[in-house]
Amino acid sequence: MNALTGTARSARLALRRERRIAPWWIILLVALALVLVSYINRAMPTPELMTTYTTMINRNSFFRALGGGFVVPDLGYMAAWRSGGFLYVLNGLAALMAVVRYTRADEESGRIELLRAGVLGRQAPLAAALLVAGGVSLAGGASTTIALIGIGLDPAGSIDYGAAVTMAGWVFGAIAAVAAQLAQTARMARAISLSVLGLAYILRYAGDASGQYWMKYISPIGWSHLVEPYWSDRWWLLAIPAAVTAALTAIAYRLAGRRDLGAGLIHERRGPATAPGLRGPISLSWRLHRGLLVTWAAGIACFAAAAGGVSTLVYQFTEAPGVTVDNLLKAFGGSPGGGAVDFALWAIILIFAHVIALYPVLMVQRLRADETAGRAEAVQATPMTRLRWATGQLVVTGLGTAALLAVAGVVFGTFYAFLVGDPAVDIARILAGTLGTIPAAWLVGAVCVLAYGLVPRASVVIGWIIWIAVAVMGRAAGPLYGLWGGTPFEPFHYIPNTVAGAPFDPAPALTMVALSALLLGGGLLALRHRDFG
């Protein structure tokens, strides 16, 4: 039997499962591309305004690096510059998650072992995963191209942009294929792949911000940025990710042929024989999740330090067209006497808060993963009940969320204060403003807990929908589609902008804490009475 026998059937099976996931990724890519074109048309309706904005962007390395390199006053180029930083990462994320899902995760669950009882070659699952992930990446890039051509952008530039988006997915799908052979668990494979994705973004950003462009040339994300669609149209540079994808795919096949089913080339480290410190559910949860929390804290600290560089940009908001300053003053709350700089700082704090709100969502999803994998059931073979087990996890999640927001506030406030502000005043007020968002982040996690208790099979999808909805409807993303004030349907809308002088009102925070307690209680009660596993 050939090693690739059964690849077509495996691919059809993967596509059948992917049909509920891939369309949402594709819609997200296309929607982001179109929304940002609309935003540029709305914010820069005349050549003079576009020139003013591009001059302001080019003078600041922090803001310039967000989209990758210098900008020129051209609609197509500005649209690709603004949205490419999102689309390249998102398509890479979708591809790596799909490859791990249909290789290491299926191997860990026993699905591949069951399939190999029939006519299925040794490397067919890997080939099927790469085909499906590559096809989804291609669909995402092609759909983006068609949508941009449909609204009147240059066809050649649109094709180059879609190809750059596709290649980002292909190269990270190949990276995930290698990680799936190295790791022994799906969790480790995802951690390796996501670490490479994060490092690639940091290298690309640092290269653009510092002018050390060699860093951009060694970043898989940077390769897509180097195409510069609608301007240079250097499509031939996509030969770099294509060659790397081919090389990594060959390495993945070679590694797959050298290991046993269920094994990884990197063996998991055995834990200690005894654990005297594990005296209850909270200490157990801390032991299990401290590595993830430390990783999150390190990442948040790095990005908060980079955001401190915005201190050289925020004063330039006063030089921006009056409509931008007016929208900031009207939409982000605060005191009527607050300045544009304070409102810009609040916008950055909200971005951090929305990102950190993803942490409790992922932690609740870990409850479901531990339940389905049998790890939670093994813990409950001890005197620890399911409620004590879940409560311990949620306590660590709540404290961890607060700690991450504190890290963001301290690091961002410190960098801003020492660069252009007053350390005696600005560190405290930025930290206080950041900590004020804790109840809203807790409420997002509490809704996910209720979903986990009531509808566990759909809880992962519901969690992602909740977080995306909160982010999209919030004040941080609202300006992209003309809604500067956000919507009242997300909790961060009610947090007072104390950074810009708004008086502190404890009522919204207390209300959200009370709602979180009710939702947590409902979720735990539902967990207690439903079938487990």
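What volume does the largest cavity have? In this predicted model, the largest cavity has a volume of about 150 Å³. It belongs to a set of three cavities of 30 Å³ or more that the structure holds.

**First stop: the largest cavity**

Please select E107, R122, Q181, A256 and R259, which lie nearest the centre of the largest cavity. These residues are part of a lining of 13 residues. When coloured by class, that lining shows five nonpolar, three polar and five charged residues.

**Second stop: the second largest cavity**

The tour then turns to the second largest cavity, which contains about 110 Å³ of space. Its lining also comprises 13 residues, and S10, Y102, D106, L115 and P125 are the closest to the centre. Next, display the helices α1 (7–18), α7 (111–115) and α8 (124–150), each of which supplies at least two residues of the lining of this second largest cavity. The greatest contribution comes from α1, with four residues. By class, the lining of the second largest cavity consists of nine nonpolar residues, one polar residue and three charged residues.

Finally, select L394, G398, W442, S516 and L520, the residues closest to the centre of the second largest pocket, which is lined by 14 residues. The space in the second largest pocket amounts to about 210 Å³. To see the elements around it, highlight α17 (358–373), α19 (386–419), α21 (438–454) and α23 (506–529); each supplies at least two residues of the lining of the second largest pocket. Which classes make up the lining of this second largest pocket? Nine of its residues are nonpolar and five are polar, with no charged residues.

Technical notes:
Residues are numbered from 1 along each chain as its sequence is written. This is a predicted model: local features need pLDDT of at least 70, side-chain atom pairs count only at pLDDT 80 or more; totals for chains, interfaces and linings use all residues. Side-chain values use heavy atoms; hydrogens and water are left out. On a 1 Å grid over the protein atoms alone, a cavity is a set of points where a 1.4 Å probe fits but cannot get out, and a pocket is an open set with protein on both sides within 12 Å along at least five of seven lines; lining residues have an atom within 4 Å of a point. Grid points are joined across faces, edges and corners, and a volume is the space filled by probe spheres set on the points. Ala, Val, Leu, Ile, Met, Phe, Trp, Tyr, Cys and Pro count as nonpolar, Asp, Glu, Lys and Arg as charged, and the others, Gly among them, as polar.
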